Amino acid sequence: MRHFLPSKKLGLFLLSLLLGGFVLNFFMQAASLQMDFMSVLVWIGNSYWLYICGSLLFFFILLAFSVVLPNIYTGPALASVLILLLGIANYKKQHTTGEPLFPWDLMLLKNASEMSKITKGMISPLAIGLGVLLAAGVIWIIIKLPKVRIQLPLRFFFTAVSVGMIAGFIVMVSGQATFASSLNYQNIFWNQKVNYSENGFVFAFAGNLRQNLLEKPEGYSRKAIEDIAAKYSALPDTASAKATAKQPNIMFMMDEAFFDPTRLPGLEFSEDPLTFIHQQENVTPAGFLLSPEFGGNTANVEFEALTGLSMYFLGDGSIPYQQRIVKMSSLPSIVSILKERGYQTLALHPFDDTFYNRNRVYPVLGFDRFTSEKDLQDAERITPNGYISDKAAVQEAVRELKASDTPTFLHLVTMQNHFPFTKGLNGPNTITVQGEAEERKDELETYVQDTKLTDEALSLLQQELKTIKRPTIAVFWGDHLPALSAGIYTDAGWDREPRLKHETKLMVLANFDIGKEPLGTISPAYLGPTVFKLSGQPLTPYYKMLEQVQTELPGLSKNVLIGASGVLSELTADQQALLDDYRMVEYDLLEGEGYAAELMY
């Protein structure tokens, strides 16, 4: 029994771990509240049981780390560093995209080297230097601290208790147990910003560990899906163009962080950065894409565009690629539809193929082949440290289309315009911008220069389309607005205009007649039926359903709803009925039995 008798040193050590748990929890909550310490104190006053339980979780984490390593101080120090990094990541993500950190975001850790390039400039050299000094100081303190020995039986006991308490906490919170509810915890999964601010980081993060993409709709059954399928199968096909003599190539070009910067009010440009786009948008179908994202989460825009499923129905912060699709064997998409019609299906992304699990998700969606950065060793980069240029990506896409002797669907996701907007990364800035604060001028002019390069790449694409023998149609859009300094959007007054912060450029080009009817503002989920109609392709029952939803709600987003006559404040009964059908089918495909895959495609 003497091995289990606590010493005075051990008691002080455990007390320090307990105090450390409370300090770490305070820091994590401060990071969630933009380092507003008064707000943290107010939250603790209103939710003291949540704060106490969250702090006890950190205590058991520190305790577990202390007994698995020989030196009892090294484990807690390492755990504290990891928790602090988690808090910093949460703070940075909220500052950049307006969203908190979710468990599935940690899947990007496998892309650490690529993330370091993407986030270059977000952490100052001073902060890195201070971090190194702090680490050195911690190591010195660990060496100087008095030695505390914990015998093996007591180590086993502490490990078992810690693991049991940590696992019990996760089960309690993610399962919304009665005890958790008694602490005034409610998993507000439908509004994650409120979820994190009300419940605190610890409870909100743990509650998301077992989060479904969407809840089961009332009345879900095979019969319900059969009824929906029959309803939309009976609708006539409404193609706006005659079918071409040959099946046309279809190209998607989703351009990273691209929007029209000339829309920002109060700015003067030395020249129009989007000369081609502004000339062409009046003679070809063009408009705006209502992105479900801002500043990041490219995969969610891609998810909508390829599957026709909407982020509108999914829980806040969801990333279907990482949470669900990577676990599936197949999911209907424009890729699989065209593949069944005899198309070759290609994906092209000039970056790491494992980002957002694309290397595993693309086969699920039906792609035959995926070309990534590793396959493009000789592709042009405007500077050695820059991303592969949009021009080079377009040239590779055209090469693939020309090399194919069968109809081809090619999906291109570019990287040239990705954060950081470091002056000189894509060559010298050739456009000056007047009207922006001096400290943000280089950043904005760099981004404007990037858009000019994209405009030139799009002009090249139009020229190259004319040299492709097979009828070819290309849909170009920006995935989301860039993560520019918040002050740029604030000065523009866009903080009060969610529509403007989510509208990116959308344009359709072709080497055959597709008319010039404006597209207005549409959500990416409608791109499939839109390009099918423009190219004379027959619509599946699922696309007919999307067509009906688009007629009533061309802009379907949690940030803003756009109807046929503008922004909506509420839905009509007919609009709600359409969304109920849409939600039912989306649940069936993502979380249900998948009846719609055989009935609506």
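The dialogue below asks why parts of this predicted model are described as they are.

Trainee: Why is Lys-505 called buried?
Mentor: Its relative accessibility is 4%. Buried means under 20%. So Lys-505 counts as buried.

Trainee: What makes Lys-505 and Glu-281 a salt bridge?
Mentor: Their closest N and O atoms are 2.7 Å apart. The cut-off is within 4 Å, between a side-chain nitrogen of Lys or Arg and a carboxyl oxygen of Asp or Glu. So the pair qualifies as a salt bridge.

Trainee: Which parts does the pair of Lys-505 and Glu-281 tie together?
Mentor: Lys-505 lies in strand 9 (residues 503-510). Glu-281 lies in the loop between helix 11 (275-280) and strand 3 (286-290). The pair therefore ties together parts that are 224 residues apart in sequence.

Trainee: Is Glu-281 buried, exposed or partly exposed?
Mentor: Glu-281 has a relative accessible area of 25%.

Trainee: What makes strand 3 and strand 9 a pair?
Mentor: They share 5 bridges in the antiparallel sense. A pair needs at least two bridges. So strand 3 and strand 9 pair. Leu-290, for example, has Glu-503 in strand 9 as its bridge partner.

Trainee: How many bridges join strand 3 to strand 10 (residues 520-522)?
Mentor: There are 3, and these strands run parallel. Gly-287 has Gly-520 in strand 10 as its bridge partner.

Trainee: Where else do strands run parallel?
Mentor: Look at strand 4 (residues 344-349) and strand 5 (residues 369-372), joined by 4 bridges. In strand 5, Ser-372 is the bridge partner of His-349. The chain gets from strand 4 to strand 5 through helix 15 (residues 358-365), in a right-handed β-α-β crossover.

Trainee: Why is that crossover called right-handed?
Mentor: Point the strands away from you. A path that runs clockwise from the first strand over the helix to the second is right-handed. The crossover through helix 15 is right-handed, so its path runs clockwise in that view.

Trainee: How do you know that helix 12 (residues 298-307) is largely enclosed?
Mentor: The count is 10 of the 10 residues buried, so helix 12 is largely enclosed by the rest of the structure. Among them are Asn-300, Glu-302 and Glu-304. Just after helix 12, Gly-308 takes a positive phi of about 75 degrees.

Trainee: Which residues touch the most other members of the largest nonpolar core?
Mentor: That core has 123 residues. Phe-252, Tyr-321, Ile-334, Phe-409, Trp-477 and Tyr-582 touch the most other members. Helix 3 (residues 48-68) gives the most to this core, with 11 residues. A second, separate core of 29 residues includes Ile-388 and Phe-476.

Trainee: What is Trp-477 in contact with, beyond its neighbours within four places in sequence?
Mentor: Its contacts include Phe-252, Val-301, Ala-305, Lys-505 and Leu-527.

Trainee: Why is Glu-598 called exposed?
Mentor: Its relative accessible area is 56%. Exposed means over 50%. So Glu-598 is exposed. Its salt-bridge partner is Arg-222, with closest N and O atoms 3.5 Å apart. Arg-222 is at 32%, so it counts as partly exposed.

Trainee: What makes Lys-441 and Glu-445 a salt bridge?
Mentor: Their closest N and O atoms are 3.0 Å apart. The limit is within 4 Å, so they qualify. Both lie in helix 17 (residues 438-465), 4 residues apart, about one turn of the helix. Lys-441 is buried at 16%, and Glu-445 is buried at 7%.

Trainee: Why is the link between Thr-446 and Asn-429 called a polar contact?
Mentor: The distance between their side chains is 3.2 Å. The cut-off is within 3.5 Å, for N or O atoms that can donate and accept a hydrogen. So this pair counts as a polar contact. Thr-446 is found in helix 17. At 3% relative accessibility, Thr-446 counts as buried.

Trainee: How many salt bridges are found in the whole structure?
Mentor: The search finds 23. One network of them links Arg-369, Glu-396, Arg-399 and Glu-400.

Methods. Residues numbered from 1 in each chain as written. Predicted model: local features only at pLDDT ≥ 70, side-chain atom pairs only at ≥ 80, totals over all residues. Heavy atoms only, no water. Helix = DSSP H or I, 4+ residues; strand = E, 2+ residues; numbered from the N terminus. Core = buried A, V, L, I, M, F, W, Y, C linked by side-chain atoms within 4.5 Å. Buried < 20%, exposed > 50% of the residue type's maximum accessible area, 1.4 Å probe, protein only. Contact = heavy atoms within 4.5 Å.
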